[in-house]
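Q: Please take a close look at one part of this model, and then set it in its surroundings. A plain description is enough.

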Amino acid sequence: MKQSAWLPFEVLVAWRFLREGRIQTLFIVVGIAIGVAVIIFMSALLNGLQANFVNRVLTGQAHIQVLESKERARAQGVGPGALEMANMQIPLQRVKGIDQWQSLVLQLQAMPEVKVVSPAVLGAALVTRSEASRSVSVVGMLPDLYYRIIAVPDKRVQGTSYIGSDSLLIGTELAADLGVVPGDPLRIATVGGTVLTLKLAGIFDLGNKGTNSRNVLMAMRTAQSLFGLAGGASILDLTLHDIYAAESVAQQIQSHTGLQADSWIKTNEQFFTAVRAQTTANTAIRFFVALSVGFGIASVLVVSVVQRSREIGILRAMGVRRAQVMRVFLLQGGLLGLAGALVGALIGALAMVLWQRFMRNADGSIMFAMVMDSALFVQALALASLTGLLSALAPALRAARLDPVVAIRA
Amino acid sequence: MPELSIALAKAAPVLELAGIRKSFNVGADNEIEVLYGIDFCLYPGDFCAVVGPSGSGKSTLLNTVGLLDRPSSGSLRITGLETTQLSDAQRTHLRGHSIGFVFQYHHLLSAFSALENVMMPMYAAQGLMDASMRARAAQLLDSVGMRPWLDAPANRLSGGQQQRVAVARALAMQPALILADEPTGNLDSKSADGVFALLRSVCKEHATAVLFVTHNPQLSARCDRTIEVIDGRLG
C-alpha cells in the first residue's frame, strides 16, 4: 500500500477489487474498448467523409452568391377595388448589374463572418471553334479575388491561369469538345450579338464534369464589354470563415440589402439532407453502442456486488459508511469506463491510421482524409467514464443498501 | 490482584443491556421472537463467553450488541451511550470506533495484504492514509506474532494466521468492546488455543471487554464469565 498511500480509501478499494477480478475486468474493459473504438472510428470516418464532400462541393463554388433579385411582373394601373389579371407572364431574366456594387463590396467585407468578396459578371454565351460550338456560362472576374475563392491556379492542367483582356480559361471537358489547346483562338458570341475573339490561355479541371464543360473564365472588363455592362458587376461571390454559417449570413445579407443571396447550403440542399441523415444515423449508432457498453458494465458490477457481499458486510461491520460503499462501486464503473475508453481510443486511432494507409484510390491517392480531432477523443473518454458511473449507479445502490448481517452470512 | 479487581469493578460498564428483545417478521402477520428481554453488563477487561445450542439466539444477540441489527425494544448502551435511538450513520460511526469484530471465517479482504487489512478500519475512518496507521498496524501484527507476514496477501495465509490478523484488525481502532463470533470454530485445536490465548491477553493488556461466542465447553470454562443463551433467554 506504500506506493498507493496517497489514494483516497474508496479509490484504492475500487482499484483493488477490479484488479482482483482480473479476467472479469479484462473482458469488460475489452468490451468497452471495442465500443469506444467503433464510436471514434465511425465519427472520424463520417466527419472525414462529410469534410471531403464539402470540400468537393466548394471547390468550384462560392459560399454565398449575392445578385440582383429576379425581375417580377407587376400589374399596372390596378387601383383599389379593381380586379387584378389572373395570368401574368414572368419576364425573361437578363444580365443585370448590381446597383452600387462597389459600396456593397465594402459593406460585405466589413462583416466579421466574411472572408473574401469577389465581384463578377455572369452571363450566357456561345463559344465556337470552326464547326463546333457550345453554349457556355461566362464568368468575368478579378483573378486576384476570384482565385482566393476558387483556386483555379491549383486546378490548372494546361497553359497558364493568368488572364489578360484578350484571353480566357476553359475546363477540360469543353477543351476536349472543341478540340482546342492553349494558344488557340476562340470566338464568343452573346445573344445580344456581341462577338469577341479571345485566345485560350489555359485549361482547368475543377473536378466536376458540368463545370468543366460549361464554365468559361475571363477578365471582368472583357465580360463587361461582352454583355454591355460597362463598369458593372452582376454577382458578388463570398467566402466565409465558417462555411456552416452560410445560410444565416445569406439571410442577413438578403434582409439588409434587399438583394438575392444564395448560400451553398441552400443550393446543395439534397447534399445537406444526406449529411443530416448520416449525422442522425451516427448519433443513433453512438447511442446504442453506449447503451450496450453501459449494460455490460452494469451486469459485471451486479455480479461483483453479489460476489463481494461478504466483503461489503465486513467493511460495514468495521465502520465503513453506506456512502463509502456506494462510492467504491461507482468508482469501479468510472474506472472501467475510463480504462476501456483509453484502450478504445488507441484502437480507434490505430484503425484510422490503417484506414489511411491501406484504403486508397486506384491511383494510390488517399480516399479522403479522416479527421483525427482531439476533441473527439476527449469526448469519448468523458462519455465512457460517465456511462461507467451511470451504469454503476444501480449496483452501487444495491451494495450500499446491503444489510451487513445478511452480507456477512453470504 | 485485589487492587485491579476493585478498580475494574468501579469502572463504568462498556456494555449494558436492559430488557433487550428482538423479533423478526416472517410474512405479513407472523412475528418470531428470538430474544426475550436480555439483561447483562460487561466491564473493561471482562472476558465473557456466550454459550448455547444452535438457534438459541447467540448470533442475533451478538449482531444486536454489535449494532449490525436493531433491537425491537429495550436499552443498549455502549460506553455509556444509548444506541437504540441513534441514526444509521451514528451507529456506523460508533461501530467503527468502539467495537471490533472477529468472525468465524476470518473474513479478511482477499485483495489486500495482512498489513493493509489491519490498516483498513483506520484508513476508512480517515479517508486518507498516513504513516502512523502503517506503524500501528505493523505493531499490532507484531503483537499477534505476524511480523514475518506483514505484506503477505490475506488469502495466502493459513486459517490460524488469518484469525490472528483478524484479531489485530479488531484492535486497530482501540475499541472498548470486541465481539468474537466463534473465532476458533473453524480452526484446529492448536490454532484455536493460540487464538483464544491471544484474545485473552488482548483483553487483559488493553482492558478491552470481549464477548466470545463459542460451542467449545473447554474454552468457555477458561473465560471470566459465561452467559448461557437458551431459547432467547439467559440461562
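A: Between the two chains, 20 residues of chain A are in contact with 27 residues of chain B, contact being C-beta atoms, placed from the backbone, within 7 Å. On the chain A side, the elements that give two or more residues are helix H1 (9-20), helix H12 (309-317) and helix H16 (404-409) of chain A. H1(A) supplies the largest share of that side, five residues. Sorted by class, the side of chain A that touches chain B holds twelve nonpolar, two polar and six charged residues (nonpolar: Ala, Val, Leu, Ile, Met, Phe, Trp, Tyr, Cys, Pro; charged: Asp, Glu, Lys, Arg; polar: the others, Gly among them).

This is a predicted model, in which local features need pLDDT of at least 70 and side-chain atom pairs count only at pLDDT 80 or more, while totals for chains, interfaces and linings use all residues. Residues are numbered from 1 along each chain as its sequence is written, and chains are lettered from A and ligands numbered from 1 in the order in which they are written.

Along the principal axes, the C-alpha atoms of chain B fill a box of roughly 50 × 40 × 35 Å. Of the 235 residues in chain B, 49% are buried (20 or more other C-beta atoms, placed from the backbone, within 10 Å of the residue's own; exposed is 12 or fewer, partly exposed is in between). Among contacts in chain B with a separation of 6 or more, 71% join residues 24 or more positions apart.

Chain B also has an open sheet of four strands in the order S2-S1-S4-S5, with antiparallel pairing. S2 (31-42) and S5 of chain B stand at the edges with a single partner strand each, so one side of each is left without a neighbour in the sheet. Further in, S1 (residues 15-25) and S4 (residues 73-78) of chain B pair in the antiparallel sense over five bridges; pairing requires at least two bridges found by DSSP. In this pair, B:Ala18 stands opposite B:Ser75. S4(B) is joined to S5 (residues 81-82) of chain B by two bridges, again antiparallel, and here B:Arg77 stands opposite B:Glu82. S4(B) and S5(B) form a hairpin with two residues between them. In its turn, B:Thr79 has a positive phi of about 45 degrees.

Back in chain A, the domain assignment, which is automatic or from a database, gives domain 1 (2-57 + 272-409) and domain 2 (101-258). The C-alpha centres of these two domains of chain A lie 53 Å apart.
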